Amino acid sequence: MDALTPLELDLSTSTLREVNATLHAPDLDADTVVVRHPAGKHSVAVGLTKPISVTIDGHVGYYAAGMNQAADVVINGNAGVGVAENMMSGSVWVKGSASQSAGATAHGGLLVIEGDAAARCGISMKGVDIVVGGSIGHMSAFMAQAGTLVVRGDAGDALGDSIYEARLYVRGTVASLGADCVAKEMGPEHHEQLAALLKAAGHDDDTHEYTRYGSSRTLYHFHVDNASAY
Amino acid sequence: MCGIVGLHLRTPDLYPRLGELLTGMLCEMQDRGSDSAGVAVYGDPRWSPPGHATVSILDTPLGAAELAVAIGAVLGEPVEVIDADPTFVVNAPVGVEALRSAVASAVPEALVIGFGEDLAVLKGVGHPRDLADRFGLEHAQGWQGVGHTRMATESAVTPAGCHPYATGPDQCMVHNGSFHNYATIRRDLVARGMHFDSENDTEVGARFVAQCLQDGMDIETSLKELCRTFDGFYTLLVSNKDSFAVVRDAIACKPAVIAETGDWVAMASEYRALVGLPGIETARIFEPEPEQVYAWTR
């Protein structure tokens with residue numbers, strides 16, 4: 001299939017609603033879209049449902065590419081709160097750093113953050129894969145249920161508090177682990193999974209430098225003896 | 001919510017543009033709060049002429065000319081009163097304390113919202129864009145300014161509930177968030193003889209920091225003391241005659257972005273408030289870490 005003409009949208013001359021409506025249009029006649037001048041606006045390119053490539057050329061505000069399904073979104077800048085929140089599939093690639101709650105509650109897809117992610121990265125993640133090039137802030141992967149969080153730098157306090165079955169791989173130091181989160185052995189399947197995710201994000205690290213963290217599964221069911229751990 | 005913005009200029013080339021840049025930043029944050037708004041401007045030659053003390057007041061039934069006569073009569077010196085509706089900015093070629101006490105005795109019912117040698121505070125109930133126009137903010141000059149757009153939570157929408165809170169000479173605080181144990185702290189401070197103008201939580205924080213500074217602590221130590229004493233959610237921007245400081249609580253759920261170039265340091269609740277600053281394309285942009293004090297001095 002021949003590539004369709006790349007479409008250029010400009011948030012300095014169009015409203016956010018016009019830009020998002022164009023991206024949502026059932027008859028969208030482009031498979032590659034560039035959005036210029038986002039200027040930190042919120043909710044840019046949210047709710048996409050088609051396998052298109054969208055490049056947002058600049059810094060974005062809150063919830064950029066939220067609820068993404070099937071689209072591949074690249075943000076040429078930093079992202080505000082909740083980038084790729086509740087993503088279902090596709091990918092979101094942040095060239096800069098991300099604010100808090102990156103990839104929150106996301107069910108699937110790949111979120112790559114080349115810089116740092118702030119607090120609560122991957123909070124309540126439900127299946128997404130997240131690769132952070134730098135470090136992550138406190139309370140990341142809080143109540144993380146499924147999916148994988150890879151951190152090439154350090155993690156802040158209370159990593160993986162009340163975690164369920166998500167896998168966390170951290171190369172650097174962890175300021176502290178949250179309740180019920182523990183370091184675990186790296187088996188061959190973990191090295192393989194980590195190497196594949198690093199590769200998908202454009203990295204070639206030695207997976208032996210990483211430590212895996214996950215749930216010790218002691219808080220799954222309420223037991224009165226654990227009351228103080230919640 | 002609430003929105004906060006601040007701009008600390010390093011190059012005098014930009015001083016004439018302070019008001020224009022601050023207006024853009026403040027108005028971009030108006031959808032984080034439009035119950036009230038306010039700014040503090042350091043070094044505007046009209047509001048705070050060199051060699052003069054400046055006192056900013058709100059909530060007075062008198063007009064500018066009547067205020068000038070009433071305050072001038074007490075002071076025995078010529079007094080200039082600028083109508084920056086709804087605020088009045090009073091200045092006179094005397095010491096700050098002399099002007100403050102003259103204002104207090106001439107118009108005891110007025111709310112003093114700021115005082116110092118270089119600081120003018122303008123605030124009021126209303127929409128940020130409308131207030132910025134009424135203040136004439138766009139034409140302001142100076143080396144430093146902060147602003148606040150309020151979505152009221154802890155106290156009523158009244159003139160006394162507006163930010164900034166300027167409770168010490170040339171000092172000012174703006175706050176996004178809510179303090180939770182402020183009533184307890186206020187009770188202690190009242191017992192030590194401190195007076196409060198409002199029921200607002202931020203006023204307690206501002207008076208606490210002013211007390212720390214008066215006790216001889218530097219701004220960094222004062223803000224660490226605030227973190228140790230206050231419980232709640234906060235991103236704070238605290239400015240002084242010669243400094244500009246940012247701190248967030250340990251949970252850090254209230255947003256903050258700092259951008260820095262060789263020409264200026266700026267802080268805002270959201271990045272979009274910073275996009276109009278000259279050189280933002282190449283600025284170093286970062287989010288302040290929880291409970292870490294970031295301070296810049298002139």
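Author: A residue is buried if 20 or more other C-beta atoms lie within 10 Å of its own, exposed if 12 or fewer, and partly exposed in between, with C-beta atoms placed from the backbone. This is a predicted model, in which local features need pLDDT of at least 70 and side-chain atom pairs count only at pLDDT 80 or more, while totals for chains, interfaces and linings use all residues. Residues are numbered from 1 along each chain as its sequence is written, and chains are lettered from A and ligands numbered from 1 in the order in which they are written.

Reader: Is A:M143 buried, exposed or partly exposed, and why?

Author: A:M143 is partly exposed, because 18 other C-beta atoms lie within 10 Å. Its place is the loop between β7 (126-132) and β8 (146-151) of chain A; strands (E, at least two residues) and helices (H or I, at least four) are DSSP runs numbered from the N terminus.

Reader: What is the phi of A:M143 near?

Author: Most residues other than glycine have a negative phi, and most peptide bonds are trans. A:M143 has a positive phi, near 55°. B:C2, also not a glycine, has a positive phi of about 95°. B:C2 sits in the segment before β1 (3-9) of chain B and is buried, since 24 other C-beta atoms lie within 10 Å.

Reader: Which peptide bonds are cis?

Author: One of them runs from B:D85 to B:P86, with omega near 10°; B:P86 is in the loop between β4 (80-84) and β5 (87-92) of chain B. Another joins B:H163 and B:P164, with omega about 0°, and B:P164 is in the loop between β8 (144-150) and β9 (172-179) of chain B.

Reader: How is chain B divided into domains?

Author: Domain bounds come from an automatic or database domain assignment. For chain B, the assignment gives domain 1 (3-40 + 125-297) and domain 2 (49-117). The centres of these two domains of chain B, taken over C-alpha atoms, are 24 Å apart. Their contact takes 12 residues from domain 1 of chain B and 12 residues from domain 2 of chain B, where two residues are in contact if their C-beta atoms, placed from the backbone, lie within 7 Å.

Reader: Which residues have the most contacts inside the largest nonpolar core?

Author: A nonpolar core is a set of buried Ala, Val, Leu, Ile, Met, Phe, Trp, Tyr and Cys residues joined through C-beta atoms within 7 Å. The largest has 93 residues, and B:M25, B:V90, B:V103, B:A268 and B:L274 have the most contacts inside it. Both domain 1 and domain 2 of chain B give residues to this core, so it lies between them. Beyond four places in sequence, the contacts of B:A268 include B:I4, B:V5 and B:M25.

Reader: Where is B:W264 found?

Author: B:W264 is in strand β13 (residues 264-268) of chain B. It counts as buried because it has 23 C-beta neighbours inside 10 Å. B:W264 and B:W143 are 121 residues apart in sequence, yet 9.4 Å apart in space, C-alpha to C-alpha.
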